[in-house]
Amino acid sequence: MYLTREEEKILAGEMGEARAEALKIIVKVGEALGAERLVPIAHAHVSGISYGTIGDHGASLLEDLASRGARVAVPTTVNPVGYDTEDPSLLEKAGVRITPEFVRGQSRILSALRRMGANLTLTCTPYYIPEVRGIPVGSSVAWGESNAILYANSVLGLRTNREGGPLALMAALTGRTYYWGMHLDQERVPQTLYHVEEGILDEARAGVLGEIIATSHRNRKPPLVDARLRDEIALREFLAALGAAGSLAMAHIQGVTPEKPPEKPEERIMISAQDLEERLDKYRPTETLDVVFIGCPHAKAGDVERLARLLQGASRVRTRIVVTLSRREYSRLLASNPRVIGELSGMGVVIARDTCLIVSPFGKPGTRVATNSYKALFYLSKRGVKVSLAPLEDLARIAVSGV
Amino acid sequence: MKGRVLVEGNAAGEAVVVEALSFYGEVDPKTGALNDGRSIAGKVLVIGRPRGSTVGSYTIYGLRYYGKAPRAIIVESDADPILVAGAVLAGIPLVDRVAGALSVISDGDPVEVLPGGIVRVYKRSSSSPLVRGRI
């Protein structure tokens, strides 16, 4: 691999040993993939930081790096953690018990990241943060978190591969990643067009569309998608589903993606409204539920306000609703609509920041959950939770009156 | 056999062979045990192909942290970023693109990883207890 003189110096330890080790990892991964060189990044987003996911060994690795002087070279944000840091007991109403040991382990991880200079945003939606929206189209970044990667490439016109685990942190520490995959123009040009025949898709239908495309797409290029997604949450859920159900890093969505699509894609695949309905039917809520889950990826203030409008008139929900969102969106909600949080809590809705039901120790096998997120369905099902899928308006109705 | 060196280092040990392996979810870092009960601690792990969650890099580091790391990892196909990052962090010798590894190596075979990506397997023949051969 070609390295600049500065990169050689870093590797030789002239900027500290932690940075040298971080760059060694980036270089080795790049060499394994056949990358010719490295590329500077404008931003990094680190996933996999819940104590439940990386344990004591992960905490030790991060502490070790921090103690050896590792410091991020670019603005760096991080994913959600195992609980709401202001009130770890908040999700107890959803059956989640956070032990003192868990809090200790999680705090070790957060302290280490803070020492390294990361901005503890604790959300899977870094694409909504102003500093990220300001990054010029075409810039390279190093992000973990599959839904965010898809949003970065497909909506913001940024360039990132799927840098999960410690990779995004290593990139953050060195300000560079390997020049491969999504950083290259030619890897971003679609070959296959998926044309959704009719209808405007809500977030649940957008999710199953993501599942269908992710599981049937056969080439390395991003799928070109011609579909009408109803709103921002449908777009977000489509991308999250694509990210969860396969290994794609990008979709070229007509009318959304900044880059120009090819005029004549090599292949055209039709998806009918019926294909989507049949798929959604498999996931329809049919039995009594334990939890209704909203906020995977993290909800925006507007989504919570919409939930409140849908629940208007109800005094209490019959089924516990859990909403998860970033602390930034929580603050925006408090500022724009101060009574909404109190009203929803009074009805039995739990609103938690910094976390979600996937990265918290949620979900005894057999727990029955309904959600508007295909991604949540995908991951919670793996731990034996019985998950059904429906759009927000149906979930609100079900939570009040039953299935 | 010969492969591509990704993380340098010589090693020798008994082989544990797995067709496809996701470290996260399929290896317990605290014990070095696979889901089927076999231990990879102190062994030469031979993988057909890697797969699974990126958290796997932390799991590989965990094996070193808890003292249960394999002595080397050999991959028949291409190593993925998860495996490379984990092996570098944990300091475990890693060789990939070892064509034919799963056809030749069986559980329990003594295996050596040598400089230049050379992988030497010692096969037991039926007539003598140990026959040395380089494939």
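## Contact between the chains

Two residues are in contact if their C-beta atoms, placed from the backbone, lie within 7 Å. The model is predicted. In it, 18 residues from chain A and 18 residues from chain B make up the contact. On the side of chain B that touches chain A, α2 (56–65) and α3 (81–90) of chain B each supply at least two residues. The residues on that side of chain B are 14 nonpolar and four polar, with no charged ones.

## Helix α2 of chain B

α2(B) is mostly covered, with nine of its 10 residues buried. Among them are Gly56(B), Tyr58(B), Ile60(B), Leu63(B) and Tyr65(B). The cover comes from both chains: it includes α3 (51–67) of chain A, along with α1 (23–26), β3 (27–28) and α3 of chain B. Just after α2(B), Gly67(B) has a positive phi of about 75°.

## A three-stranded sheet in chain A

Chain A holds an open sheet of three strands, in the order β3-β2-β4, with parallel pairing. β3 (76–78) and β4 (142–143) of chain A are at the edges. Each has a single partner strand, so one side of each lacks a neighbour in the sheet.

Strand β2 (residues 44–46) of chain A runs parallel to β4(A), and two bridges join them. Ala44(A) stands opposite Ala142(A) in β4(A).

## A helix across the sheet

Helix α7 (residues 167–174) of chain A lies across β2, β3 and β4 of chain A. The helix runs at about 145° to β2(A).

Definitions and conventions. Residues are numbered from 1 along each chain as its sequence is written. Chains are lettered from A and ligands numbered from 1 in the order in which they are written. This is a predicted model: local features need pLDDT of at least 70, side-chain atom pairs count only at pLDDT 80 or more; totals for chains, interfaces and linings use all residues. Two strands pair if DSSP finds at least two bridges between them. Helices (H or I, at least four residues) and strands (E, at least two) are DSSP runs, numbered from the N terminus. Axes are lines fitted to C-alpha atoms, for helices over the stretch in contact, and angles run from 0 to 180 degrees between N-to-C directions. Ala, Val, Leu, Ile, Met, Phe, Trp, Tyr, Cys and Pro count as nonpolar, Asp, Glu, Lys and Arg as charged, and the others, Gly among them, as polar. A residue is buried if 20 or more other C-beta atoms lie within 10 Å of its own, exposed if 12 or fewer, and partly exposed in between; C-beta atoms are placed from the backbone.
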